[in-house]
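Dear colleague,

Please find below the structure that I am handing over to you, with its sequence. My findings follow directly after it.

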Amino acid sequence: MNNSDTPDHAPGSDPGTQAFFTLHHDLPRQGPGSDATTRRLLEMAGPLPEHPRVLDAGCGPGRSTLLLAEEAGAHVTAVDLHQPYLDGLAAEAARRGLSDQVTVVNCSMDRLPVPDHSFDVIWAEGSVYTIGFDVALRAWRRLLAPDGVLVVTEIEWTVPSPAAPARAYWDAAYPLRTHAANTDAAQAAGYRLRAHWPLPESDWWDEYYTPLTQRMDRADAQRPGMPQALAAHRTEINMRREHGSDYDYAAYLLHPHDTTENGTMTTWTACPEAADDISAIRDILLAAFPTAQEADIVDALRADPQAWIDGLSMVTATPDGIRLGYALLTRCHVDGVPALALAPCAVLPSAQRTGAGSAAIRAALDAARTMGENLVLVLGHADYYPRFGFTPASRFGIQAPFEAPDEAMMAMALDDTRPVPTGTIHYPAAFGV
């Protein structure tokens, strides 16, 4: 995606990648942002320790790294996979007398080999898209001190129904979610939201799109890979001009959800069901739905060895054992090829909008991915399930065995490098379809 951020993936020698870095070389910024915004977020993140330990994830040339070192007295570990950025940052840190405060590390920002709780602050301005918001939240959770803060900016929809060109562009480049969906994802990953702040429009143009456009006007269009790079950037910039009101960059300030302000435990965990969870799961389902149908379906699925898969029935619970949420994946088929059906999913009414239900779903999907499963199908609310990566099943050439709204019958490939079958879904007998 040649959009607005520093790539965290190591650049290769292909002409397109080299053209991209040529266009971005020595720009004031590699994505939307400004020093004023960095300072605003730093102020919002405080109070911090006298010399906070900071991870600048996907640091790029290090504009934020240097500001955090100079103005917050931070010891910054700056991580990126583009060595020229790191070399330039190290040189500039030395020039400013900050070498003892800035450590550059060439590695993927979700695989940093450091102990748990190594950082008071994790900072990610305009870089999280390279690994994805959810992956980043999970990877960084262990690195953050119990009273630490995660400051991350993410692109998101600002309207419930974006214009079709904007939707098509971002669906292909980096599927966006709403603020509500991102907040839910953060809660499910073990964080509580402290602040949410959309970046000003000037952050898109003053130090990024305007200098980038000037660089593009001077670029050698005959250079290998440059025509494609120029076309991709022009498409992105024109999309912002024409449909910029539909999406924005927003900053999230997140704290670990282990404790509240007074230190009281408030977190929960998601685990595969055990024998003593079965009655509690039924109680969750009975509380969440108007009839016993869903609870009876789960009981029937549990008794069906062709449908049930141990380890894919997930329940969320508080530290004292109160079960809150539930999600189930069972075996189904698409024209004879094995797949998974996500249903039912439920949460106690008293725990709605806490992320407990989403945590169960994400845990089930993660477990399925670990088992080597791929295709997952769900019939559900079109405003809810896309936050997990689901899209209309029709895009895969998959249809339900009954009448269903196209936007409600959804599918997701857990490994997008593997082929996905096409055809009609065949559900276990317990579903009665």
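His117 is placed in the loop between strand S3 (102–106) and strand S4; helices (H or I, at least four residues) and strands (E, at least two) are DSSP runs, numbered from the N terminus. The phi of His117 is near 60°, a positive value in a residue other than glycine. Because its relative accessibility is 40%, His117 counts as partly exposed; buried means under 20% relative accessible area, exposed over 50%, and partly exposed in between, with a 1.4 Å probe and protein chains only.

On provenance, this is a predicted model, in which local features need pLDDT of at least 70 and side-chain atom pairs count only at pLDDT 80 or more, while totals for chains, interfaces and linings use all residues. Residues are numbered from 1 along each chain as its sequence is written, and side-chain values use heavy atoms, with hydrogens and water left out.

Backbone geometry

Asp26 also has a positive phi, near 65°, in a residue other than glycine. At 62% relative accessibility, Asp26 counts as exposed. As background, most residues other than glycine have a negative phi, and most peptide bonds are trans.

Two cis peptide bonds should be noted when you inspect the model. One runs from Gly46 to Pro47, with omega near 0°, and Pro47 is found in the loop between helix H2 (35–45) and strand S1 (53–57). The other runs from Ala343 to Pro344, with omega near -5°, and Pro344 lies in strand S11 (residues 337–347).

Helix H9 covers residues 226–243, and its 18 residues should span 26 Å at 1.5 Å a residue, which agrees with the 25 Å between its end C-alpha atoms; the expected span is 1.5 Å times one less than the number of residues. Its buried residues are Met226, Ala229, Leu230, His233, Glu236, Ile237, Met239, Arg240 and His243. An α-helix has 3.6 residues a turn, so residues three or four places apart point the same way. The cover over the buried residues of H9 includes helix H1 (15–24), helix H6 (164–173), helix H8 (202–218) and strand S7 (247–256), where contact means heavy atoms within 4.5 Å.

In H1, the buried residues are Ala19, Phe20, Phe21, Leu23 and His24. Helix H4 (83–95), H8 and H9 are among the elements that cover them.

Nonpolar cores

Which residues touch the most other members of the largest nonpolar core? They are Trp140, Leu150 and Tyr191, in a core of 78 residues; a nonpolar core is a set of buried Ala, Val, Leu, Ile, Met, Phe, Trp, Tyr and Cys residues joined through side-chain atoms within 4.5 Å. Apart from this core lies another, of 32 residues, among them Ile281, Ile297, Trp308 and Leu324. Leaving aside residues up to four places away in sequence, Trp140 touches Ala57, Met109, Asp110, Ile122, Ala124, Val128, Ile131, Leu150 and Tyr191.

The largest pocket

The largest pocket holds about 1600 Å³ of space. Of the 45 residues that line this pocket, Pro175, Pro386, Phe388, Gly389 and Phe390 are the closest to its centre. Here a pocket is an open set of points, on a 1 Å grid over the protein atoms alone, where a 1.4 Å probe fits, with protein on both sides within 12 Å along at least five of seven lines; lining residues have an atom within 4 Å of a point. Grid points are joined across faces, edges and corners, and the volume is the space filled by probe spheres set on the points.

H5 gives the most to the lining, with five residues. Elements that each supply at least two residues include helix H5 (133–141), strand S5 (144–157), helix H7 (179–188) and helix H12 (356–370). By class, the lining has 26 nonpolar, five polar and 14 charged residues, with Ala, Val, Leu, Ile, Met, Phe, Trp, Tyr, Cys and Pro counted as nonpolar, Asp, Glu, Lys and Arg as charged, and the others, Gly among them, as polar.

Loop residues

Ser127 lies in the loop between strand S4 (119–124) and H5, and at 0% relative accessibility Ser127 counts as buried. Gly60, in the loop between S1 and helix H3 (63–72), is likewise buried at 0% relative accessibility. By contrast, Glu403 lies in the loop between strand S14 (398–399) and S15 and counts as exposed at 80% relative accessibility.

Yours sincerely
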